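Please walk me through this structure.

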Amino acid sequence: MTGTDDGQVLAARLRMLKERSGASFEQLSRQSGVSRSSLHRYCSGTKVPASYGPVHAFAKACGATGEELRELHRLWALADAGRPTPEVHEDAEETGEAPRPRRRVKVAVAATVVAAVAGVSAVALMRTGEGQEPPSIVESRPGTVPTAVVRVHNVEGDCKSKAERVPACSMGLARDPRRKYAAGNVVDHRVWHGDVLRSDCILYDGDRVEDEMGVGTTRWFRVLLDDVPGGHAWLPAVRTQDHPNLPTCR
């Protein structure tokens, strides 16, 4: 058992949604992309999802309303906070990295206000469409280290299809990739699906982060920006589908 009242409240709400939908665990697994066994554990209260993503996907498959989704996010956050110890996530897809105990994080984090600083090389942030050339190593300016283009990818279908840059679909960039990826550890610069950033290196042992579908990684791209302290921030690798050949961050 999860051992927390909040976890049981979350499980009860998930069971209600399933019963109302009339769908089987097998059907909901296919629609949500979350394994049948995981859905069964979440609904029985034996396990609290390691990220909100599986809860959101399951609820959407059950036909939850926007208000119900917001309430579920609140319930999940309470249950997640009451977890006694860190755990190794069981539902993430294979990433090719060794499993490690992970700190619980939410990919969608609130923006924090930071003082803008000048004096670093400006890097363009662009919107791109389909059919673009794959990322390649380029020179940011003469005499500087090579950089590669990485496109921001959001797995949320609604956010991928929106042409406007609505705040709810924005994503934060971390200040320190080895600290917990939370509101207090993001820069003020926000990114959206399809945005293009320039990266000069990859960190392989950062904080483990999962997207809304439960795919996780400890890899982070250092991206160059001219409007944040230090001239760079960090993009979790689950937020791009690009795999440029870059050196390891030192």
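Are Cys201 and Cys249 buried or exposed? Cys201 is buried, and Cys249 is buried too. Keep in mind that this is a predicted model.

These two cysteines form a disulfide. Their sulfur atoms lie 2.1 Å apart. The structure holds 1 disulfide. The link of Cys201 and Cys249 is right-handed, with 100° about the S-S bond. It ties together distant parts of the chain. Cys201 sits in strand β6, residues 195–203. Cys249 belongs to the segment after β10, which spans 232–236.

Now take another cysteine. Cys43 is in no disulfide. The nearest cysteine sulfur to it is that of Cys62, 7.2 Å away. Cys43 is buried, with a relative accessible area of 4%. Cys62 is buried as well, with a relative accessible area of 8%.

Cys43 leads us to a helix. Helix α3 covers residues 36–44. Its buried residues are Ser38, Leu39, Tyr42 and Cys43. They cover an arc of only 130° around the axis, so they lie on the same side of α3. An α-helix has 3.6 residues a turn, so residues three or four places apart point the same way.

What do the buried residues of α3 pack against? They pack against α1 (5–21), α2 (25–32) and α4 (52–61). After α3 comes Gly45. The phi of Gly45 is positive, near 85°.

Look next at how α1 meets α3. The two helices pack at an angle of about 120°. Their axes are 6 Å apart. That angle makes α1 oblique to α3. Which residues make the contact? From α1 come Gln8, Ala11, Leu14 and Arg15. From α3 come Tyr42, Cys43 and Ser44. The residues of this contact divide into 4 nonpolar, 2 polar and 1 charged.

Definitions and conventions: Residues numbered from 1 in each chain as written. Predicted model: local features only at pLDDT ≥ 70, side-chain atom pairs only at ≥ 80, totals over all residues. Heavy atoms only, no water. Buried < 20%, exposed > 50% of the residue type's maximum accessible area, 1.4 Å probe, protein only. Helix = DSSP H or I, 4+ residues; strand = E, 2+ residues; numbered from the N terminus. Arc of directions from axis to C-beta. Contact = heavy atoms within 4.5 Å. Axes fitted to C-alpha atoms, helices over the stretch in contact; angles between N-to-C directions. Parallel < 35°, antiparallel > 145°, perpendicular 65-115°, else oblique. Nonpolar A, V, L, I, M, F, W, Y, C, P; charged D, E, K, R; others polar. Disulfide = S-S within 2.5 Å.
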